[in-house]
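Me: Please go through this chain with me in questions and answers. I would like the numbers and the cut-offs behind them.

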Amino acid sequence: MVKTYHIMVPSESEDFFVNGTTTTTTHNESSTLLTTIKIVNELETGDAASLIAFFVFLFAMVCVAVCVYYGSGLRLWVRQTLVFPCRRLCCEGERNRLWQLHKVAVMNADRALSVELRNPLNEEERSETDFDPLEAQLSTLVGLEPLKNEIRALRRTLVVEEQRRRVLGGTKKALKTHAPHMIFRGNPGTGKTHAARLIARLLKELGYVNGDIVEVQRADLVAGYVGQTQHKTRAVINRAKGAVLFVDEAYALAPKFAEGGRDFGSEAIQELMRDLTSGDPVVILAGYTAEMERFLAVNPGLSRRFQVRFTFHDYSYGELAAIFTKIVARKNYRLDASASDVEALLQHHFDPDLCRKWNGGLPEGLFRRAQDALARRLNVMTMSAEVALTITYDDITQASRILRATLGDASPRPTPRRQLRRHRRRTPGDAASGGAASGASGASGAASGASGASGAASGAS
């Protein structure tokens with residue numbers, strides 16, 4: 001790179017050469033010298049590359065610092081500006097299809113009701129209105145009728161709002177409808193987390209939210225130093241914007257439930273309350289019944305913002321049996337026993353206190369033990385596809401005994417009579433093993449009889 005400078009110097013000056021600079025002198029009319037100096041840039045190519053790399057690195061460090069300081073807000077902006085519109089654009093066809101199914105289900109229910117009041121529907125006409133995508137998903141929940149009714153009311157609100165705009169000729173501006181914040185109260189294993197995930201999926205189908213559920217606990221919201229909890233909680237809230245925020249064991253945020261002298265859970269509560277009025281995100285708090293009541297009493301403003309509350313009661317024996325059958329069907333197994341048989345086994349092997357302690361965890365553990373019993377019973381060389389996926393009554397009985405001993409209640413109890421014997425099927429291998437077992441028990445009985453006779457002879461002598 002060459003730079004040229006024009007300077008005026010006195011006439012008595014002579015040509016000179018300084019530090020690689022070439023000087024050319026010419027005389028003009030004013031007795032001065034017009035000196036042209038050409039300065040050759042001595043910066044080498046490697047030095048220029050190093051200088052450029054330095055400025056690029058400096059710019060990258062500034063960008064990293066900005067992203068760290070404004071990280072959650074930046075991610076929120078990217079999600080709301082780019083991710084959600086692109087997702088809606090890519091999945092528009094599927095969302096329209098699901099929304100049409102939900103709308104048709106509501107309209108069919110009203111049409112069936114209005115027609116049935118005048119002329120009762122026959123079975124064929126009734127079957128045409130039976131399919132409902134919402135009911136298909138709600139059927140995975142056992143019990144919880146108030147919760148199901150609330151979700152049905154949310155869907156109906158959307159459909160009625162759209163129909164109202166159509167009736168008014170589209171003159172009424174569409175209002176943004178928000179799903180209510182909810183509180184789930186109940187003992188462990190009553191299905192609070194499963195219900196929250198199901199609600200998040202249904203709200204996304206119905207258009208209330210755009211994102212997936214964000215599940216957090218106290219450790220995800222509360223920091224260990226002053227001033228950090230607010231930023232940590234705000235980052236979680238921004239991550240859940242446009243979605244559902246599920247806070248499990250939310251009562252742990254209250255100061256009285258914290259361990260140690262210092263606690264910053266109240267800061268997390270205050271930060272959550274800032275976004276509860278806007279309805280974004282939809283917040284679901286879950287916890288034990290008594291602890292959640294005390295938690296809501298700590299802050300009256302928090303209690304006022306959660307007006308939809310559900311109590312998850314302990315499962316009965318019939319509901320536990322229904323959960324077991326649903327687990328078997330979900331795992332693509334076949335149950336060779338009725339729900340009443342499973343209920344009778346649960347009543348016989350597990351006390352009510354144990355059922356209240358484990359709730360939904362009891363049928364899950366029973367299914368795993370039944371799988372183990374099925375694996376021990378099968379012969380890998382001779383089993384068929386149907387037998388390999390069939391859980392029998394004997395498998396469930398053996399699983400109940402093992403699970404009862406595992407949970408700490410190993411008291412011996414007589415085996416109950418099976419209510420429906422016609423469901424019991426035994427394979428040839430089972431019959432052979434059963435015959436061998438009965439033969440072995442007969443031999444042991446004969447041996448014990450011989451032992452008793454020898455004992456009697458010894459007493460007589």
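**Strands, helices and selected residues**

Me: Which residues lie on the covered face of strand 6, and which on the uncovered one?
Reply: A strand here is a DSSP run of E with at least two residues, a helix is a run of H or I with at least four, and both are numbered from the N terminus. In strand 6, Ile213 and Glu215 make up the uncovered face, while the covered face consists of Val214 and Val216.

Me: What kind of model is this?
Reply: Residues are numbered from 1 along each chain as its sequence is written, and side-chain values use heavy atoms, leaving out hydrogens and water. Local features need pLDDT of at least 70, side-chain atom pairs count only at pLDDT 80 or more, and totals for chains, interfaces and linings use all residues, since the model is predicted.

Me: How many helices and strands does the chain have, and what share of its residues is buried?
Reply: The count is 19 helices and eleven strands. Buried means under 20% relative accessible area, exposed over 50%, and partly exposed in between, with a 1.4 Å probe and protein chains only. Of the 461 residues, the buried share is 35%.

Me: What is the strand order of the open sheet, and which strands are its edges?
Reply: Two strands pair if DSSP finds at least two bridges between them. Five strands pair in parallel in the order 6-7-8-5-9. Each edge strand pairs on one side only, and the two are strand 6 (213–216) and strand 9 (308–312).

Me: Which strands does helix 11 touch, and what angle does its direction make with that of strand 5?
Reply: Helix 11 (residues 289–298) packs on the sheet and touches strand 5 (182–186), strand 8 and strand 9. Axes are lines fitted to C-alpha atoms, for helices over the stretch in contact, and angles run from 0 to 180 degrees between N-to-C directions. On that basis the angle with strand 5 is about 140°.

Me: Which residues does threonine 193 touch, apart from its neighbours within four places in sequence?
Reply: Threonine 193 lies in helix 7 (residues 192–206) and is partly exposed, at 24% relative accessible area. Its C-alpha is 9.7 Å from that of valine 247, 54 residues away along the chain. Contact means heavy atoms within 4.5 Å, and with the neighbours left aside threonine 193 is in contact with Glu215, Phe246 and Asp248.

Me: Is arginine 155 buried or exposed, and what does it touch?
Reply: Arginine 155 is in helix 6. It counts as buried because its relative accessibility is 5%. Apart from neighbours within four places in sequence, arginine 155 is in contact with His102, Ala105, Val106, Asp132, Leu134 and Leu206.

Me: Which elements do the buried residues of helix 14 pack against?
Reply: Helix 14 (residues 339–349) has Asp341, Val342, Ala344, Leu345, Leu346, His348 and His349 buried. Their packing partners are helix 13 (317–330), strand 10 (334–336), helix 16 and helix 18 (393–406).

Me: Where is threonine 177, and which residues does it touch?
Reply: Threonine 177 sits in the loop between helix 6 and strand 5. At 25% relative accessibility it counts as partly exposed. Not counting residues up to four places away in sequence, threonine 177 touches Thr157, Leu158 and Tyr208.
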